[in-house]
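Subject: Handover of a protein model

Dear colleague,

Please find the structure below, together with its sequence. I would be grateful if you kept it open while you read the notes that follow it.

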Amino acid sequence: MAEAMKIRAQMQGEIADIKVLILHPMETGQRKDANGELIPIHFIKQVAATLNGKVVLDAQWSQGIAKNPFLGFKIKGAKAGDKVSVSWADNKGESNSIETTIAAAN
């Protein structure tokens with residue numbers, strides 16, 4: 001089975017560039033399956049990110065986000081070696097999180 005989340009964090013000058021891929025179906029509740037039945041709504045409703053335990057991003061999502069969403073954001077004041085964690089929770093009670101260390105600039 002593929003990983004449910006992937007993350008990459010790297011310094012770009014004085015700013016940390018964070019990229020996260022979340023594998024999730026993100027169903028709107030408006031599509032139909034092969035039998036013509038509506039596919040139940042299933043979407044990520046909350047995403048949060050922390051830097052060394054301090055919240056730096058807190059987002060509320062809805063069913064308007066595409067399948068397998070990609071999230072990119074930048075953090076001022078971060079340093080190489082700092083820990084970045086990203087977590088999500090969906091409308092069915094499922095959740096996941098991932099953590100990485102910020103890499104130095106190339």
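The notes below begin with the whole chain and then turn to the sheets, the core and some single residues.

This is a predicted model, in which local features need pLDDT of at least 70 and side-chain atom pairs count only at pLDDT 80 or more, while totals for chains, interfaces and linings use all residues. Residues are numbered from 1 along each chain as its sequence is written, and side-chain values use heavy atoms, with hydrogens and water left out.

The whole chain

The protein chain has seven strands and zero helices. Both kinds of element are DSSP runs numbered from the N terminus, with at least two residues (E) for a strand and at least four (H or I) for a helix. The C-alpha atoms fill a box of roughly 50 × 25 × 20 Å along the principal axes. Of the 106 residues, 36% count as buried; buried means under 20% relative accessible area, exposed means over 50%, and partly exposed lies in between, with a 1.4 Å probe and protein chains only. The accessible surface comes to about 6600 Å², and 50% of this surface belongs to carbon and sulfur atoms. Such areas come from the Shrake-Rupley method with a 1.4 Å probe, and for residues only the protein chains shown count as cover. Among contacts between residues at least 6 apart in sequence, 54% join residues at least 24 apart, where contact means heavy atoms within 4.5 Å.

The sheet of four strands

Four strands form an open sheet in the order β4-β3-β6-β7, with antiparallel pairing; two strands pair if DSSP finds at least two bridges between them. The edge strands, each pairing on one side only, are β4 (54-60) and β7 (95-101). On average, neighbouring strands of this sheet are turned by 15° against each other, direction ignored. For such angles, axes are lines fitted to C-alpha atoms (for helices over the stretch in contact), and the angles run from 0 to 180 degrees between N-to-C directions.

Within this sheet, seven bridges join β3 (residues 44-51) to β6 (residues 83-90) in the antiparallel sense, and A48 stands opposite S87 in β6. Strands β6 and β7 also pair in the antiparallel sense, over seven bridges; here V86 has I98 in β7 as its bridge partner. The hairpin of β6 and β7 has four residues between the strands, and G93 in this hairpin takes a positive phi near 90°.

The sheet of three strands

A further open sheet has three strands in the order β1-β2-β5, again with antiparallel pairing. Its edge strands are β1 and β5, each of which pairs on one side only. The twist averages 15° from one strand to the next. In the loop between β1 and β2 lies G13, which counts as exposed at 57% relative accessibility. The C-alpha atoms of G13 and K76 are 9.9 Å apart in space, although these residues are 63 apart in sequence.

The core

Which residues have the most contacts inside the largest nonpolar core? They are I18, V47 and V86, in a core of 26 residues. A nonpolar core is a set of buried Ala, Val, Leu, Ile, Met, Phe, Trp, Tyr and Cys residues joined through side-chain atoms within 4.5 Å. The elements giving two or more residues to this core are β1 (5-12), β2 (15-22), β3, β4, β5 (70-76) and β6. In soluble globular proteins, nonpolar side chains tend to be buried together. Beyond four places in sequence, V47 touches several residues, including L57, L71, V86 and W88.

Two residues compared

Is R8 buried or exposed? R8, in strand β1, counts as exposed because its relative accessibility is 60%. Leaving aside neighbours within four places in sequence, R8 is in contact with D17, I18 and K19. The C-alpha atoms of R8 and T101 are separated by 8.6 Å, and these residues are 93 apart along the chain.

D17 lies in strand β2 and is buried, because its relative accessible area is 14%. The side chain of D17 makes a polar contact with the side chain of K74 at 3.3 Å. A polar contact is a pair of N or O atoms within 3.5 Å; within protein, one must be able to donate a hydrogen and the other to accept it, and residues adjacent in sequence count only if both atoms are side-chain atoms.

Yours sincerely
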